[in-house]
Amino acid sequence: ASEYDQNIIEMSGTLTTGRDVILPLTDGAVKIVHNKTGQTLTFKGATGTGVAVATAKVATIYCDGTNWYRASADVSP
């Protein structure tokens, strides 16, 4: 839980395929996510479609309590 409380989430490591990163569905939450894994990551809640962030990219995402949405395009760090 303490890791989810941070405003910046940086994911790294070697993956062989894309993964879902499950985040709490907290209304009003905003996160800056940095994907350093080499595969696309989808940041989502237990329900909803979430936001796919490409490898080596950073995006800002937000939650309305039901789903996570993109607030910015994927950008290079």
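**Exercise 1. Contacts along the chain**

What percentage of the contacts in the protein chain with a separation of 6 or more comes from residues 24 or more positions apart?

*Solution.* A contact is counted when heavy atoms lie within 4.5 Å. Residues 24 or more positions apart supply 37% of the contacts with a separation of 6 or more.

The model is a predicted one, in which local features need pLDDT of at least 70 and side-chain atom pairs pLDDT 80 or more, while totals for chains, interfaces and linings use all residues. Residues are numbered from 1 along each chain as its sequence is written, and side-chain values use heavy atoms, without hydrogens and water.

**Exercise 2. Overall architecture**

Describe the secondary structure and the dimensions of the protein chain.

*Solution.* Begin with the elements, which are DSSP runs numbered from the N terminus (helices: H or I, at least four residues; strands: E, at least two). The protein chain has zero helices and seven strands, in the order β-β-β-β-β-β-β from the N terminus. Its radius of gyration is 11 Å, close to the 11 Å that the globule rule gives for 77 residues, so the chain is as compact as a globular protein of that length. The radius is taken over C-alpha atoms, and the rule is 2.2 Å times the number of residues to the power 0.38. Along the principal axes, the C-alpha atoms fill a box of roughly 30 × 25 × 20 Å.

**Exercise 3. The partners of strand 6**

Identify the strands that pair with strand 6 and the residues that stand opposite each other.

*Solution.* Pairing requires that DSSP find at least two bridges between two strands. Strand 6 (residues 57-63) is joined to strand 3 (residues 30-36) by six bridges in the antiparallel sense; here V58 of strand 6 faces H34. Strand 6 also runs antiparallel to strand 7 (residues 68-70), with three bridges, and Y62 stands opposite Y69 in strand 7. Strands 6 and 7 form a hairpin with four residues between them, and G65 in the turn has a positive phi of about 95 degrees.

**Exercise 4. A residue with positive phi**
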